[in-house]
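Take a look at the structure, then read on.

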Amino acid sequence: MRNLTLKQFKTVQAIISHGKIVSAAKVLGLSPPAVTIQLRQVEEEFQLALFDRTSDGMRPTAAGLAFVETAQAIEERLRLLEDKMDAIKGVRTGSLRLGVVSTAKYFAPRLMAGFMKEHPDIDMRLAIGNRAETIDSLKNHDIDIALMGRPAKEVPVRASVFGDHPLVIIAPPDHPLASARDISKERIAEEHFIIREPGSGTRISLEIFLSDVPGRIDDLGVEMGSNETIKQAVMAGLGIAFISAHTIAAETEAGRLVILDVVGMPIRRQWFSVMRTDHAVSPAMATFHDFLMRKGAMYLPLFGKLYPHDEPNTRDRAS
């Protein structure tokens, strides 16, 4: 393995990314025969095929996937080395690839702007996806830090809480329950829900909340793929929804949505900053993590008093 070169690692990465020798050659600025030679040398080194040659292109074998995972780790370490060298020279620069679940897109740009104002020489890139896509990005070393409501279990990570993440049930202002107080779980379970896809953080929390209502989670409601679509559906009167309070600031302030007063709500969750345990922490990552711990909660949308049950005897006074 000592005979392997960075060029060979990049070659295999390009083939996996683009699926064909010709496409990889074009991206690398090489001829297809040169790419083929690079690949053959690696396969001879390991005495294993890294790809299955099919009519649809090059499909990585188990050996190929293992090889490219190491290639991604090497790329990460080289980027870290560059950042550390800049730090040693006293240059406050670096790069950071931030991934956020779609619910976090409502505050992530403001958070980034606050960080970049303090650290203008750190180059930041933002990737937004659902929970599964964000976890895949962590797996593939495509992002350095992820912001999500529950730490990933599919990959070894270290996670730190940086703020509250309240989950609420919303309805249109003219809904029969809009002005009701102390709505029971059994009563709210009778409503028609608009829900996120399986595996999403809010979907899982709703399933847990309704799990002791017999038969309710067997048919939760109509699935929609984004918070924006769900909000529009609720405003149109198609049902109610269980959603992050951080996604509805504008609509509640404008009176287009209301938060229902359901017993046991809001459900208090947390926002986590997540990074791989096998990812070396760069100066830029450490700086951003410190910023999150100190100021991250300041950039989360706020709603009056979302936790009335935290105040003594609030419910007793209202009854």
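Search the whole structure and you find 2 cavities of 30 Å³ or more. A cavity is a set of points, on a 1 Å grid over the protein atoms alone, where a 1.4 Å probe fits but cannot get out, and its lining residues have an atom within 4 Å of a point. Rolling a probe the size of a water molecule over the atoms shows where empty space is left. The largest cavity holds about 230 Å³ of space; a volume here is the space filled by probe spheres set on the grid points, which are joined across faces, edges and corners.

This is a predicted model, so local features need pLDDT of at least 70 and side-chain atom pairs count only at pLDDT 80 or more, while totals for chains, interfaces and linings use all residues. Residues are numbered from 1 along each chain as its sequence is written, and side-chain values use heavy atoms, with hydrogens and water left out.

Who lines the largest cavity? There are 19 lining residues, and V101, T103, S200, G201 and T202 lie nearest the centre. The elements giving two or more residues to this lining are β6, α8 (201-209) and β11 (267-276), with α8 giving the most, 3 residues. By class, the lining has 4 nonpolar, 10 polar and 5 charged residues. (Ala, Val, Leu, Ile, Met, Phe, Trp, Tyr, Cys and Pro count as nonpolar, Asp, Glu, Lys and Arg as charged, and the others, Gly among them, as polar.)

## An open pocket

A pocket is an open set of points with protein on both sides within 12 Å along at least five of seven lines. The largest pocket has about 220 Å³ of space. Residues lining this pocket include Q13, I16, V68, R97 and D142. The pocket lining divides into 2 nonpolar, 5 polar and 5 charged residues.

V68 sits in helix α4. Is V68 buried or exposed? V68 counts as buried because its relative accessibility is 9%; the cut-offs are under 20% relative accessible area for buried, over 50% for exposed and partly exposed in between (1.4 Å probe, protein chains only). Leaving out residues up to four places away in sequence, V68 touches Q13 and I16, where contact means heavy atoms within 4.5 Å. V68 and I16 are 52 residues apart along the chain, yet their C-alpha atoms are separated by 8.0 Å.

## One side of a helix

Now for helix α5 (residues 108-118), where A108, L111, M112, G114 and F115 are buried. These residues cover an arc of only 160° around the axis, which puts them on the same side of α5. (The arc is that of the directions from the helix axis to the C-beta atoms.) An α-helix has 3.6 residues a turn, so residues three or four places apart point the same way. Among the elements covering the buried residues of α5 are β3 (94-101), β4 (122-129) and α11 (283-295).

## The whole chain

Stepping back, the protein chain has 12 helices and 11 strands. Helices (H or I, at least four residues) and strands (E, at least two) are DSSP runs, numbered from the N terminus. Of the chain's 319 residues, 46% count as buried.
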